[in-house]
Amino acid sequence: MENLTVNFFEKIPDQILTCLPNELYRLLQGPALFFLPGKKSGPPLFISTLIHGNEPSGFLALQRLWQEEGFILDRPLLLFLGNIRAAQINERYLADGPDFNRIWGEGPCASLPLVSDVITKIQKYKPIFAVDLHNTSGLNPPYSALSVLRPLELSLAQAFSLIAVHYSEPNTTLSHKLTSFCPSIAVECGKNTDPLSHQKAYQFIKICLKIDQLSLLPNSSLQIYESLMRIYIPPGSSLSFNPAHSANFNFISDLDKFNFKDVPVGTIIGKCEKKFLLLDDNKKDHFDYYFKLIKNEIMVIKNFIPSLLTINPESALQDCLGYIMTQKF
Ligand SMILES: [Zn+2]
């Protein structure tokens, strides 16, 4: 694994205004943290994006804002452009490096200079709040992901979307780490190739730049789901979303249509030769509670609400196939 470090800048190179996400690495040579003054003084807004290299909405939204308004936005901005080496090849993360959204907790990555340097700088600048912008590889409505359900996070979540997901695991995300310093949420803007996702990110960043103080909005209209389990494909397995292909796991080609819907008992979601893993936060497997294999077909035997189901084989194998949730309130 490369010894990951971060470069700090107080100016944005002009080429960033027009470069593609896959050209950032050539410009910046690695993960980059920027502090940019704003029209108003005061604590900065912290934004992170491209934590996953194939999730460009946050960067494209900022680029559009800079093109329209110049580099001095309404308030100071502390900006982290994460895995731009993976962005170079449009991947979530690199085969020889970590997933940048799994390095911010306890564990072997905690000693990376990247982690300690970024956190030290964020502590120094004391952001008013933090937003980590992501995309999904499957169809999902825009929603926020919260590791804590404090009033300020809920208020921020509501400003993005009326759908929010609370999670406990993974506890190594950047957004979770930042909850110790300031209100912090991650937002899933929608599919990474959909221009509407970039538009959603753009609108939300504009809202965030205007917020002087997070008000305690009544959260009655926010639908909150609780993430319970993750679906893992056993390592070394082959996976396809094309029924004509032969693979150890062959899911229906439009599996992501079920995201945030109630999947009824009797639904067939694909075929497989052996069970996949459905693990809760304690790594306990729940496959047999929700699914049954009937002549290799995977049938739902207990209804559930999924999120982040992907139809991208690389995403499913690199991270997970998706999450199973319950509606909290
Ligand atoms: Zn992501």
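**Figure 1. Residue K295 in the loop between β14 and β15 (297–300).** The model shown is predicted; local features require pLDDT of at least 70, side-chain atom pairs count only at pLDDT 80 or more, and totals for chains, interfaces and linings use all residues. Residues are numbered from 1 along each chain as its sequence is written. Strands (E, at least two residues) and helices (H or I, at least four) are DSSP runs numbered from the N terminus. K295 is exposed, with 6 other C-beta atoms within 10 Å; a residue counts as exposed at 12 or fewer such atoms, as buried at 20 or more, and as partly exposed in between, with C-beta atoms placed from the backbone. The C-alpha atoms of K295 and S180 are separated by 49 Å, and these residues lie 115 places apart along the chain.

**Figure 2. The open sheet of five strands.** The strand order is β10-β11-β12-β15-β14, with mixed pairing; two strands pair if DSSP finds at least two bridges between them. Because β10 (239–240) and β14 (291–294) each have a single partner strand, these edge strands are left without a neighbour in the sheet on one side. Strands β11 (residues 249–251) and β12 (residues 268–272) run antiparallel and are joined by three bridges. F251 has G270 of β12 as its bridge partner.

**Figure 3. Helix α2 (residues 57–69) and its packing partners.** The buried residues of α2 are S57, G58, F59, L60, A61, L62 and Q63. They pack against β3 (45–49), β4 (77–81), β5 (129–136), β8 (184–191) and α7 (195–210). Just after α2, G70 takes a positive phi of about 85°.

Figure 4. At least three residues of the core come from each of domain 1 (7–221) and domain 2 (228–327); domain bounds come from an automatic or database assignment.

Key:
The expected span of a helix is 1.5 Å times one less than its number of residues. Two residues are in contact if their C-beta atoms, placed from the backbone, lie within 7 Å.
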